Amino acid sequence: MNPLLQRFRQLSDREQKLTLAALAVLGLLLFYLVVWAPLNHSIERNRTAVEAQQELLAWVQKNANRVQQLKGNAGKQAAFTGSLTQAVNQSASRLNINISRMQPQGEELQVWVDEAPFNQVISWLQNIEQMGIRIQDADFSETANPGQIRIRRLQLSKS
């Protein structure tokens with residue numbers, strides 16, 4: 001550090017001022033690049049994440065009543081008689097839900113749907129339960145399209 005200080009002192013007054021000004025600008029640039037810009041980027045990314053979570057919370061709260069209705073209707077059904085496969089196919093086609101695969105297993109039926117609108121799936125499940133078909137197990141996942149879900153596995157049985 002001593003040789004740099006000696007070299008600095010050998011410069012003329014004008015050159016010293018210019019060097020100090022350049023160091024100040026360099027210091028500000030480094031502060032911006034190392035501290036300020038990453039901090040602002042992180043704050044903006046977190047703000048976006050919070051907004052997305054708030055939208056999800058509002059959506060869940062809006063649809064919570066439908067879930068409660070479905071739960072309430074679960075215990076009030078009459079026993080289903082008839083073809084489980086046919087009933088599921090007909091109710092799905094009425095709501096434009098394309099079933100990708102069905103696998104009967106005795107008195108039970110497993111159903112897979114690649115992609116369908118969430119609201120229509122909820123209506124479909126409610127319709128199925130009102131018919132007296134029992135939903136034993138369900139596995140859903142999100143898709144790349146907003147408002148769409150994938151039914152990985154839906155296990156139905158006669159009540």
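**View 1. Residues 20-39 are 100% helix and 0% strand.** Helices are DSSP runs of H or I with at least four residues, strands are runs of E with at least two, and both are numbered from the N terminus. An unreviewed UniProt entry lists residues 20-39 as "transmembrane region"; UniProt positions follow the numbering used here, feature names are shortened, and annotations may be inferred rather than shown by experiment. The model is predicted, with pLDDT of at least 70 needed for local features and 80 or more for side-chain atom pairs, while totals for chains, interfaces and linings use all residues. Residues are numbered from 1 along each chain as its sequence is written, and side-chain values use heavy atoms, leaving out hydrogens and water.

**View 2. Glutamine 16 lies in helix 2, which covers residues 13-74.** Glutamine 16 has a relative accessible area of 17%, so it counts as buried (under 20%; exposed is over 50%, partly exposed in between, with a 1.4 Å probe and protein chains only). Leaving aside residues up to four places away in sequence, glutamine 16 touches Phe8, Arg9 and Leu11 (contact means heavy atoms within 4.5 Å).

**View 3. Strand 1 (residues 101-105) and strand 2 (residues 108-117) form an antiparallel pair with five bridges.** Two strands pair if DSSP finds at least two bridges between them. Two residues separate strand 1 from strand 2 in this hairpin, and glycine 106 in the turn has a positive phi of about 70 degrees. Proline 104 is opposite leucine 109 of strand 2.

**View 4. Strand 2 also runs antiparallel to strand 4 (residues 148-158), joined by seven bridges.** Here leucine 109 stands opposite leucine 156 of strand 4.
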